[in-house]
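This report describes the fold of one protein chain for a reader who is new to structural work.

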Amino acid sequence: MKVPQKVSRIPIERLWREGNWIEADRRRFLTPEEVKAYVSDPLIPIIVASISEPIHWVSKEERFERWSSISSFLLDGTRGRWETDFSQFFVASLWYLKEGEVILFEHYH
């Protein structure tokens, strides 16, 4: 299967970076409280996926700026239904790679 250049659908089923598939498994969706704890750990990478955009691996320099733009639109991913009055929202999930954990923010709009 060819590696996509842009996100074509959400939820993401596989992760990629720089044109290569990554062996990774989504372990679970996260609550906003769990996300805050993970974001505060600079060793855990953050990824942002949005339809029609390239998957974005957030750099350490832009980490907290990106988190600030996402946090007010973050829903509790552990709930059975994702409902909001906003026209867009994010849901976070924890993924495991052989290198360790990553947080994926999926942008619904």
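## A phenylalanine in a loop

Phe73 is found in the loop that joins helix H2 (63-71) to strand S6. The model under discussion is a predicted one.

With neighbours within four places in sequence set aside, the contacts of Phe73 are Phe86, Gln88, Phe89 and Phe90. Lys60 stands 13 residues from Phe73 along the chain, and the C-alpha atoms of these two residues are separated by 21 Å.

## Overall architecture

The protein chain contains two helices and seven strands. Read from the N terminus, its elements follow the order β-β-β-α-β-β-α-β-β. The radius of gyration of the protein chain is 13 Å, close to the 13 Å given by the globule rule for 109 residues, so the chain is as compact as a globular protein of that length.

Along the principal axes, the C-alpha atoms of the protein chain fill a box of roughly 35 × 30 × 25 Å. Among contacts in the protein chain with a separation of 6 or more, 56% are made by residues 24 or more positions apart.

In soluble globular proteins, nonpolar side chains tend to be buried together. In this model, the largest nonpolar core has 20 residues, and the members that touch the most others are Ile12, Leu15, Ile55, Trp95 and Leu97. At least two residues of this core come from each of strand S1 (15-17), strand S4 (46-50), strand S6 (89-97) and strand S7 (100-108). S6 provides the largest share, four residues.

Which residues does Leu15 touch, not counting residues up to four places away in sequence? They are Asn20, Trp21, Ile22, Ala24, Ile47, Ile55, Trp95, Leu97, Val102 and Leu104. There is also a second, separate core of 16 residues, with Tyr38, Val48, Val58 and Leu94 among them.

## Surface and charge

Of the 109 residues in the protein chain, 40% count as buried. The accessible surface of the chain comes to about 6,900 Å², and carbon and sulfur atoms account for 48% of that surface.

The protein chain carries 15 positive and 17 negative charges.

Technical notes: Residues are numbered from 1 along each chain as its sequence is written. This is a predicted model: local features need pLDDT of at least 70, side-chain atom pairs count only at pLDDT 80 or more; totals for chains, interfaces and linings use all residues. Side-chain values use heavy atoms; hydrogens and water are left out. A nonpolar core is a set of buried Ala, Val, Leu, Ile, Met, Phe, Trp, Tyr and Cys residues joined through side-chain atoms within 4.5 Å. Buried means under 20% relative accessible area, exposed over 50%, partly exposed in between (1.4 Å probe, protein chains only). Contact means heavy atoms within 4.5 Å. The radius of gyration is taken over C-alpha atoms; the globule rule is 2.2 Å times the number of residues to the power 0.38. Accessible areas come from the Shrake-Rupley method with a 1.4 Å probe; for residues, only the protein chains shown count as cover. Lys and Arg count as positive and Asp and Glu as negative; His and the chain ends are not counted. The place of a charge is taken as NZ of Lys, CZ of Arg, CG of Asp or CD of Glu.
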